[in-house]
Amino acid sequence: QMKNHSIKDLLLSTKTMSKVTINGWVRTFRANRFIALNDGSSISSVQCVVDFENFDESVLKKINTGTSLEITGDLVESQGSGQKFEIIVSDLSVLGECDSEEFPIQPKKHSFEFLRDNAHLRTRTNTFSAIMRLRSSLSFAVHNYFNSNGFYYVHTPIITSSDAEGAGEQFRVTTLNPKNPPLDENSEVDFSKDFFGKETSLTVSGQLEAETYAMSLGKVYTFGPTFRAENSNTSRHLSEFWMIEPEVAFMDLYGNMDLAESFLKYLLQYIVKNNIDDLEFLEQRLIKEDKTKPQNLRSEMTLIEKIKFVINNDFKRISYTEAFEILKNCKPNKKKKFKYLIENWGADLQSEHERYLVEKHFKCPVIIYDYPAKIKAFYMKLNDDNKTVKAMDILFPGIGEIVGGSQREERLDVLNKKMNDIGVNPNDLWWYTDLRKFGTAKHSGFGLGFERLIMFATGMSNIRDVIPFPRTPQNAEF
């Protein structure tokens, strides 16, 4: 059994080779002579040259876009332009035929909506194979960064009985009969009869559980799926998405900002070093798309320039109060161009405000810290002014918020008061408040929405296009 080569390895080869065998899917078959074959290992296909006099016509008739083939031949320097090597085919077998009438992924431009309807086949296109290779590389880089910085990887539960965000937009997990659930004496659903003996849901965050591990292992992180039942059909929201959540004992808010900035830069550096072909392909796609837009909507930087810009620049750090002053006095606010006008201190910043700060005002990534306590979660540490909390959000160009984090409230009395104020029963989170009883210490962490990072890294404008099978309101296909 000869070892099959990946197309990526062949194209990276420094020398010609005889008798190589490859498998892949046909991208195009031109002039009954040139097959472009791709196996997913690289953005590039390899050109396979068939001398059709050596092959039965009935075999060649079976070769269409989408057909899977095994090809053996000699790897030689290419005669034509556009590729370094090509394969002169000596042996060819059809592994799986493809009906060209029915196959949806034809060698032409398809809309992203059309490709979402065919998400099971969309990675046969260059754009989506590039996105998903980048997704894979970024995942590896996440683990690499934390592993080399002394963090432990913790698998936090996907089924939970606590609502970390307090927003109440959770998917219920139950085995009760939806038509006829058991009722208690108050005619409420009796969850004691449910599988777990209480009301449970899919998690919105692994943070609270990660905190328990940080308070013994020191530095930990989670990287797993999270779920929000928010009825939001925007290009930035998914109902199932992946979150990266480090949590570190003995670290304050400033250490938290340093960690997040260093982490983001590492991830982006990793793909510039390891996935430059895919990035260059996606960059060319965006440059073409940009030419169709009016001048004022065109990008100031190409995709790779934008990525390198984040890697090479310090993130600008400002307090919420400074951000509020800038926004209150800026032109779009004064001329009432914002959809949400900034009038009173304490207003929640919307993505239009975040993007103004990043793209127009500072023109670099921005970290906003010390947010009003009222608009942030109960577990964030209260500042001495009793008005703000030690929270921080990192804002990126084109995306808005990409990271949200905070120093956690480690004082038991303050935490209990904050929970009671918003109607969270401290008894429901007894294990979380225990951490403040048994050797409490300052600690901090953040959450990075993985898909938002991939959007930034690929230049894609819709979050549904950076996850293999998107889950959104009214849509759970595949």
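## Two helices crossing

Let's start with a pair of helices: H4 passes H7 in a left-handed crossing. The structure shown here is a predicted model. H4 covers residues 126–148 and H7 covers residues 276–291, and the two pack at an angle of about 135° with their axes 9 Å apart.

Which residues of H4 meet H7? On the H4 side they are Asn126, Thr127, Ala130, Ile131, Arg133 and Leu134, and their counterparts in H7 are Asp278, Leu279, Phe281, Leu282 and Arg285.

## A three-stranded sheet

Next comes an open sheet with its three strands in the order E7-E9-E8, paired in the antiparallel sense. Strands E7 (159–160) and E8 (172–173) form the edges, each pairing on one side only. E8 is joined to E9 (residues 200–202) by two antiparallel bridges, and Arg172 has Ser201 in E9 as its bridge partner.

Is strand E14 mostly covered or mostly open? Running over residues 388–396, E14 is mostly covered, with eight of its nine residues buried.

E14 pairs with E13 (residues 366–372) in the antiparallel sense over six bridges, and here Val366 stands opposite Leu395. E14 also pairs with E15 (residues 400–407), again antiparallel and over six bridges; Phe396 has Gly400 in E15 as its bridge partner. The hairpin of E14 and E15 has three residues between the strands, and Gly398 takes a positive phi near 80° there.

Terms used. Residues are numbered from 1 along each chain as its sequence is written. This is a predicted model: local features need pLDDT of at least 70, side-chain atom pairs count only at pLDDT 80 or more; totals for chains, interfaces and linings use all residues. Side-chain values use heavy atoms; hydrogens and water are left out. Axes are lines fitted to C-alpha atoms, for helices over the stretch in contact, and angles run from 0 to 180 degrees between N-to-C directions. Helices (H or I, at least four residues) and strands (E, at least two) are DSSP runs, numbered from the N terminus. A crossing is left-handed if the near helix is turned anticlockwise from the far one by less than a right angle, and right-handed if clockwise. Contact means heavy atoms within 4.5 Å. Two strands pair if DSSP finds at least two bridges between them. Buried means under 20% relative accessible area, exposed over 50%, partly exposed in between (1.4 Å probe, protein chains only).
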